[in-house]
Amino acid sequence: PDVRPKYNAKDSTPFLLDFLNKNVHYPEEAEKNGISGTVIVQMVVEKDGTPTHFKVIREADPLLDEEALRIAQLLPKFIPAQKDGKPVRCIFNFSVPFRCK
């Protein structure tokens, strides 16, 4: 695409960081066992901006992977990617960091 998907006419990075901070629930068992890592989630942003087809493309731990997918499925619509001024489907990757406190 000529233009990557965005959220609310702004760069998606600050939105995603804020969204993750508000919605990620560190799995209790993972925290108790000191499990941390970063999960990379891939999704498709459809022509209408709807996020679909979620999958983990870099695993950390099954507990963390499951939480990252849960969060991805909560994402609201994006402004879709564009090619030649028309909305197009686009693959979108983002990371979900989990750090023990």
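Predicted model: local features only at pLDDT ≥ 70, side-chain atom pairs only at ≥ 80, totals over all residues.
Residues are numbered from 1 along each chain as its sequence is written, and side-chain values use heavy atoms, with hydrogens and water left out.

Let me begin with strand β1, residues 37-45. Helices and strands here are DSSP runs, numbered from the N terminus, a helix being H or I over at least four residues and a strand being E over at least two. How many residues of β1 are buried? The count is 9 of the 9, so the strand is largely enclosed by the rest of the structure; buried means under 20% relative accessible area, exposed means over 50%, and partly exposed is in between, with a 1.4 Å probe and protein chains only. Gly37, Val39, Val41, Met43 and Val45 point one way from β1, Thr38, Ile40, Gln42 and Val44 point the other way, and all of them are buried.

Turning to the partners of β1, two strands pair if DSSP finds at least two bridges between them. With β5, residues 90-98, β1 pairs in the antiparallel sense over 9 bridges, and in that pairing Val44 stands opposite Ile91. With β2, residues 51-58, β1 also runs antiparallel, joined by 5 bridges, and there Val45 stands opposite Pro51. The hairpin of β1 and β2 has 5 residues between the strands, and Gly49 in this hairpin takes a positive phi near 95°.

The loop between β1 and β2 also holds Asp48, which counts as partly exposed at 44% relative accessibility. The side chain of Asp48 makes a polar contact with the side chain of Thr50, at 2.8 Å; such a contact is a pair of N or O atoms within 3.5 Å, where within protein one must be able to donate a hydrogen and the other to accept it, and residues adjacent in sequence count only if both atoms are side-chain atoms. Leaving aside residues up to four places away in sequence, Asp48 touches Lys77, Phe78 and Pro80, contact meaning heavy atoms within 4.5 Å.

One of those neighbours brings me to charge. Side chains of opposite charge can pair when their charged atoms come close. A salt bridge is a side-chain nitrogen of Lys or Arg within 4 Å of a carboxyl oxygen of Asp or Glu, and a search of the whole structure finds 5 of them.

Among them, Lys77 forms a salt bridge with Asp48, the closest N and O atoms being 3.7 Å apart. This pair links distant parts of the chain, since Lys77 is in the loop between α3 (62-72) and β3 and Asp48 is in the loop between β1 and β2, 29 residues apart. Lys77 is partly exposed, with a relative accessible area of 49%.

Glu46 and Arg89 also meet through their side chains, at 2.7 Å from N to O. Glu46 lies in the loop between β1 and β2 and Arg89 in the loop between β4 (86-88) and β5, so the pair ties together parts that are 43 residues apart in sequence. Here Glu46 is buried, at 17%, whereas Arg89 is partly exposed, at 47%.
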